[in-house]
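Subject: Structure handover and findings

Hello,

Here is the structure I promised to pass on. Please open it alongside this note.

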Amino acid sequence: MSTQTKPAPEAGTTTPGAETGVREFVQDYVDRVRGGDVGALPAILGVIVLCIVFTSLNSVFFSAGNFANLLVQGAAITVIAMGLVFVLLLGEIDLSAGFASGVCAAVLATLMTEQNYPWYVSTAAAVATGVAIGLLLGTIVARVGIPSFVVTLAAFLAFQGTVLIIIGAGGNVPIRNSVILSLANKNVAPTLGWVLWALGIAAFAGLLLVSAARRRSRGLVAPPLSVVGLRIGAVLVLSGLAVYVLNQERSRNAAVVSLRGVPIVVPVILVLLIVLTFVLARTAYGRHVYAVGGNAEAARRAGINVARIRTSVFVVGSTLAAIGGIIAASRANSVDPNAGGSNTLLYAVGAAVIGGTSLFGGKGKVRDAILGGAVIAVIDNGMGLLGYSAGVKFIVTGIVLLLAASVDAISRRRATATGRV
Amino acid sequence: MTETATDAVRPPEAAAPLLELRAVNKSFGAVHVLRDVHLAAYAGQVTALVGDNGAGKSTLIKCIGGIHPIDSGEYLFDGKPVTVHGPRDASHLGIEIVYQDLALCDNLDIVQNMFLGRERTNGIVLDESSMERMAADTLAGLKVRTVKSIRQHVASLSGGQRQTVAIAKAVLWNSRIVILDEPTAALGVAQTRQVLDLVRRLADQGLAVVLISHNLNDVFEVADRISALYLGQVAAEVETSAVTHGQVVELITTGRSDGVADARPTGTEVGTEVGTA
C-alpha cells in the first residue's frame with residue numbers, strides 16, 4: 001500500500017506471546033470510556049455512591065439482614081429486566097412485560113391453589129404462558145409491522161384485564177406450596193452456599209484462563225495474565241464477602257427461627273445471568289441479535305432472518321417476565337389483581353437502562369439488568385429505611401432513570417463524534 | 001482468496017467470461033429499467049460499469065446479486081447458465097456485492113462484521129479465535145495495514161477503513177467475483193488511493209472485479225474494460241486502452257460516441273443488438 005495512515009503491525013496480530021502489558025490494557029479501557037463506551041461504569045459508581053450515602057444516614061442499611069432483603073426485593077424486577085435487555089437490544093420496547101408477569105403468576109397460583117396441580121406442572125404452565133405471550137407479541141411486531149410501543153401498550157391494557165379476570169376483582173389467590181414459597185423466602189444452607197461459591201469461582205477462573213491461553217496459542221491478542229488474575233481475584237473477594245455476610249445470623253431471635261444463608265433467588269438469578277450471557281455473547285443467535293439491533297438492513301443482507309430474531313426477543317422477554325412473576329408471587333405469598341402492575345414494568349425498564357443498555361438498540365448486556373436492578377433496589381430500600389414516602393422514592397428513581405438515559409445519549413453522541421475519524 | 005485464475009491479465013477474446021449476462025430485461029411495473037443488457041466480467045480483470053444516474057447500474061447489480069429476479073435473458077456463470085433466486089444463491093456461486101452503504105453493523109467489531117451471518121461455530125459456541133485468525137489472515141493477504149486492531153468496533157473506523165472491511169468481508173468467502181458499488185464515492189484523496197490499490201490487488205489475485213463508479217479518473221486508473229450503460233441499455237463495452245476520457249463521457253451522456261469500437265460479442269451468439277434506440 002502506497003499510503004498508510006499508521007505504520008501498525010499486521011492487522012490483529014501482535015508480537016509473539018502477545019505480552020501486552022497491564023498498562024496498555026488500562027489505557028485501552030480509558031480510551032474506550034473517553035470515546036463514549038462507558039459500559040457498566042455509571043451503574044457501578046451509582047451503586048457505590050448510593051450505598052455510601054445511605055450507610056452514612058442510617059446504619060441499618062449496611063446490615064446483613066438488609067442486604068438479604070435488598071437482594072430479594074430487587075429479584076423479580078431484575079429478572080424481568082434481563083428479558084427486557086433482549087428486547088431493548090433490537091431498539092424495541094415491551095411495555096406489557098409487567099402485566100405479562102402478572103398473568104403468568106396468576107396462571108401459576110390458580111393452577112396450584114385452586115386446581116391442585118403439582119408445583120412443577122403449574123410452573124411449566126406459567127412459563128409456557130410467557131412463551132406464548134412473547135410469540136404473539138413478537139409475531140405481531142415482526143410480521144405485521146406494528147411498532148412494538150403500540151402493540152405492547154395494547155397488551156399492557158389487555159393483560160391487566162386478564163389478571164383481573166383470572167384472579168377476580170378484589171380477590172387474592174394465596175400460594176401455599178412450599179417449593180414456590182421457598183424461592184423468595186428461604187435461604188441456601190450456609191455450607192452449601194460456600195460449596196456453590198467455590199464451584200462458581202473455579203468455573204469462572206477456568207473459563208477465563210483457558211480462553212486466554214487458547215488465544216495466546218493462536219497468536220491473537222490476549223489479556224495479560226495479571227489482568228485475568230485481577231478479574232478473578234476481584235470476583236472471588238467480592239462474592240466471597242457477599243456469601244460470608246449472608247451466612248451470618250440475621251434473625252432478631254435466633255433461638256426461635258434461624259435466618260442464615262444466601263437467599264435461594266440469588267443462585268437462580270446467577271444461573272439465568274450465566275445462561276443468558278452465554279447466549280448473547282457466545283452463540284450465533286446472540287451475535288445476530290446485536291447485528292439486527294445495530295443495523296437491521298446489514299443483518300438482512302448477511303442472510304439473517306430478521307423477523308425471526310425480532311420475534312424471538314419478545315419470547316425471551318415474556319419468558320423471563322414469567323419467571324419474574326413467579327418470584328414476585330413467591331415473595332408476596334399470593335397473587336392479587338394488581339400483580340405485575342404499578343411500578344413493576346417501569347422499574348424493570350429503568351433497571352436495564354440504568355445498567356447501560358441503550359434504548360436505541362444494539363448495545364447492552366444481561367448483567368446491565370443486575371447492576372441497574374441493584375441501583376433501583378438500593379434507592380427503594382434505602383429511602384424506605386430513611387422514612388421517605390413512596391412519592392419521594394418515585395421522584396428520585398425517575399431522576400436516576402433520566403440521568404441514566406442522558407448518560408446513554410451523551411455517550412452515544414461522544415461515540416459518533418470520536419468514531420468517524 | 002481463490003487461485004482459479006492465474007494469468008493476471010488475459011485478453012477478453014481468449015478467455016470465457018466468468019460472469020456473463022445476455023439480453024437481460026427487467027421492468028418494475030411499467031418502467032422498463034434494463035433492456036437487453038449484456039455484461040461480461042473476466043477473472044483477473046477490473047470491469048468498470050459506468051452510466052448516469054438512472055441508467056440502471058444499481059438495478060443491474062441487484063439482478064446479479066439475486067435481490068431482483070430478472071424478467072428475461074440469460075445469466076451465465078463460468079460458462080454455465082444458472083438461476084439466482086436470492087443473495088444466498090449468489091454467494092454460493094462466489095458472487096459478493098459490496099453496496100454503497102456498506103451494510104456494516106457499527107456496534108460490532110471488524111471480525112464480527114466479516115463473519116456476520118456465516119459465523120464459525122464449535123457446536124453452538126462461536127469459534128472466536130479461528131474467526132479472528134481468518135479475518136487477520138484475509139486482511140494481511142490484502143496488505144491492509146491501516147487498522148489498529150481487528151477487534152475495534154466498526155463505528156470507530158474511517159470511511160476508507162470501512163470500505164476496506166466491507167471488501168475484505170466479500171473476499172473472505174472464496175468469492176470469485178466481487179462487485180463494488182461506488183467504493184470511492186465518499187472518500188478523501190488518500191483513502192480513495194487505498195481503496196483503488198485494493199481493487200487492483202483483488203483483480204491481480206485472480207478475482208473478477210466489477211467496479212461501479214461515477215468517477216472517470218478512478219475508472220481509467222484501475223479498470224481493464226469499461227461497460228457504459230445509457231437509459232437501461234448498454235451503450236458500449238470497450239477496453240479502457242481503446243477509449244478516451246471524452247468518449248466515455250459522451251457514451252454516458254448521449255449513449256453513443258463516434259469512433260468507439262464496440263468490443264461486445266457480436267453475431268449470432270448474442271442476438272440482442274437489434275432494437276437499440
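Below are the conventions, then the findings by region.

This is a predicted model, in which local features need pLDDT of at least 70 and side-chain atom pairs count only at pLDDT 80 or more, while totals for chains, interfaces and linings use all residues. Residues are numbered from 1 along each chain as its sequence is written, chains are lettered from A and ligands numbered from 1 in the order in which they are written, and side-chain values use heavy atoms, with hydrogens and water left out.

**The four-stranded sheet of chain B**

One open sheet in chain B has 4 strands in the order 2-1-4-5, with antiparallel pairing. Strands here are DSSP runs of E with at least two residues, helices are runs of H or I with at least four, and both are numbered from the N terminus. Two strands pair if DSSP finds at least two bridges between them. The edges are strand 2 and strand 5 (80–81) of chain B, each pairing on one side only.

Strand 4 (residues 72–77) and strand 5 of chain B pair in the antiparallel sense over 2 bridges. F77(B) has K80(B) in strand 5 of chain B as its bridge partner. Helix 1 (residues 57–64) of chain B packs on this sheet and touches strand 1, strand 2 and strand 4 of chain B. Its direction makes about 65° with that of strand 2 of chain B. Contact means heavy atoms within 4.5 Å. Axes are lines fitted to C-alpha atoms, for helices over the stretch in contact, and angles run from 0 to 180 degrees between N-to-C directions.

Strand 1 (residues 19–28) and strand 2 (residues 31–41) of chain B pair in the antiparallel sense over 7 bridges. They form a hairpin with 2 residues between them. G29(B) in the turn has a positive phi of about 60°. V24(B) stands opposite V37(B) in strand 2 of chain B.

Please look at two backbone angles here. Most residues other than glycine have a negative phi. A23(B) is not a glycine, yet has a positive phi of about 50°. A23(B) lies in strand 1 of chain B and is buried, with a relative accessible area of 17%. D36(B), also not a glycine, has a positive phi of about 45°. D36(B) lies in strand 2 of chain B and is partly exposed at 32%. Buried means under 20% relative accessible area, exposed over 50%, partly exposed in between (1.4 Å probe, protein chains only).

**The six-stranded sheet of chain B**

Another open sheet in chain B has 6 strands in the order 6-9-10-3-11-12, with mixed pairing. Strand 6 and strand 12 (233–239) of chain B stand at the edges with a single partner strand each, so one side of each has no neighbour in the sheet. Neighbouring strands are turned by 15° against each other on average, direction ignored.

Strand 11 (residues 225–230) and strand 12 of chain B pair in the antiparallel sense over 6 bridges. I226(B) stands opposite V238(B) in strand 12 of chain B. Helix 8 (residues 245–254) of chain B lies across strand 3 (46–51), strand 11 and strand 12 of chain B. Helix 8 of chain B runs at about 30° to strand 11 of chain B.

**D109(B)**

D109(B) sits in the loop between strand 6 (95–98) and helix 3 (110–114) of chain B. D109(B) counts as buried, at 5% relative accessibility. Its side chain makes a polar contact with the side chain of R151(B) at 2.9 Å. A polar contact is a pair of N or O atoms within 3.5 Å; within protein, one must be able to donate a hydrogen and the other to accept it, and residues adjacent in sequence count only if both atoms are side-chain atoms. Not counting residues up to four places away in sequence, D109(B) touches I150(B), R151(B), Q152(B), H153(B) and V154(B).

**Rings and chain A**

The structure holds 5 aromatic pairs over all chains. Rings of Phe, Tyr and Trp (its six-membered ring) pair if their centres lie within 6.5 Å; planes under 30 degrees apart count as stacked, over 60 as edge-to-face and the rest as tilted. F99(A) and F156(A) form an edge-to-face pair, 5.3 Å centre to centre with 70° between the planes. F99(A) lies in helix 4 (residues 97–114) and F156(A) in helix 6 (residues 148–167) of chain A, so the pair ties together parts 57 residues apart in sequence.

Helix 11 (residues 284–294) of chain A is mostly covered, with 9 of its 11 residues buried.
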